[in-house]
Amino acid sequence: METQRTEAKPVGPLASFVRFVVCGGGVGVLSSAAVPLLALLMPWAAANAVITVASTILCTELHALFTFGTGGRAGLRRHLQSAGSATAAYVVTCAAMFVLHSVQSSPSLVWEQAVYLGASGLAGIGRFLVLRLFVFAGGRKETTAAAVRPVRGSRLRHGDLLLAR
């Protein structure tokens, strides 16, 4: 269930990308510190999964409130869509590392970091585009569609049409 939305100012693509990097990067840094701490209490894979879920939820809320200027919280539908895009980004980074290890049996740490960061950067850009164009674009599309759709049973007059000049 989505919460009530307030009037939101549209955020331009460059400003929303900067906010996306700051919010996602900040949460990423916190997450990278939290995983080893939580791994003291449970297996590393479980700690990583818990922190990944928590950070994805937090980032989705931050993106709804600040990055894309929706004027409200994310809601379940957006959380699920965001989780899907995060999963796709995870698959991209894993695939890149798999390809690296297939090409080079024991790559150096520098190569691993370069491939991982490159794949993460590309996946992040893809995730930003998915979130901006599909997940958090609903408010912009709904208002546009409502403004264009004529009322049923009404007649259009010449003054009702916006003509391209």
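Val 130 lies in helix 4, and helices here are DSSP runs of H or I with at least four residues, numbered from the N terminus. Val 130 is partly exposed, with a relative accessible area of 33%; partly exposed sits between buried (under 20%) and exposed (over 50%), using a 1.4 Å probe and protein chains only. Together with Leu 122, Ile 125, Leu 129, Leu 133 and Phe 134, Val 130 makes a nonpolar surface patch of about 580 Å². Such a patch joins nonpolar side chains (Val, Leu, Ile, Met, Phe, Trp, Tyr) within 5 Å, from residues with over 30% relative accessible area and no salt bridge. Areas come from the Shrake-Rupley method with a 1.4 Å probe.

This is a predicted model, in which local features need pLDDT of at least 70 and side-chain atom pairs count only at pLDDT 80 or more, while totals for chains, interfaces and linings use all residues. Residues are numbered from 1 along each chain as its sequence is written, and side-chain values use heavy atoms, without hydrogens and water.

Now for the overall picture. The protein chain has five helices and zero strands, and 28% of its 165 residues count as buried. Its mean pLDDT, the predictor's confidence in each residue from 0 to 100, is 79.

| Element | Mean pLDDT |
|---|---|
| Helix 3, highest | 88 |
| Helix 5 (residues 138-148), lowest | 47 |

Over residues 140-148 the pLDDT is below 50. Where pLDDT is low, the predicted coordinates should not be read in detail.

Let's look inside. A nonpolar core is a set of buried Ala, Val, Leu, Ile, Met, Phe, Trp, Tyr and Cys residues joined through side-chain atoms within 4.5 Å. The largest one has eight residues: Phe 20, Ala 64, Phe 68, Ala 74, Phe 128, Leu 131, Val 135 and Phe 136. Helix 4 (residues 109-135) gives the most to this core, with three residues. A second, separate core of five residues includes Ala 96, Met 97, Leu 100 and Ala 119.

Finally, there is one salt bridge, meaning a side-chain nitrogen of Lys or Arg within 4 Å of a carboxyl oxygen of Asp or Glu. Arg 73 pairs with Glu 61, and their closest N and O atoms are 3.0 Å apart. Arg 73 is in the loop between helix 2 (44-67) and helix 3 (75-103), while Glu 61 is in helix 2. Arg 73 is partly exposed at 49% relative accessible area, whereas Glu 61 is buried at 12%.

Methods. Helix = DSSP H or I, 4+ residues; strand = E, 2+ residues; numbered from the N terminus. Patch = residues over 30% accessible without salt bridge, like charges linked within 9 Å, V, L, I, M, F, W, Y side chains within 5 Å. Contact = heavy atoms within 4.5 Å.
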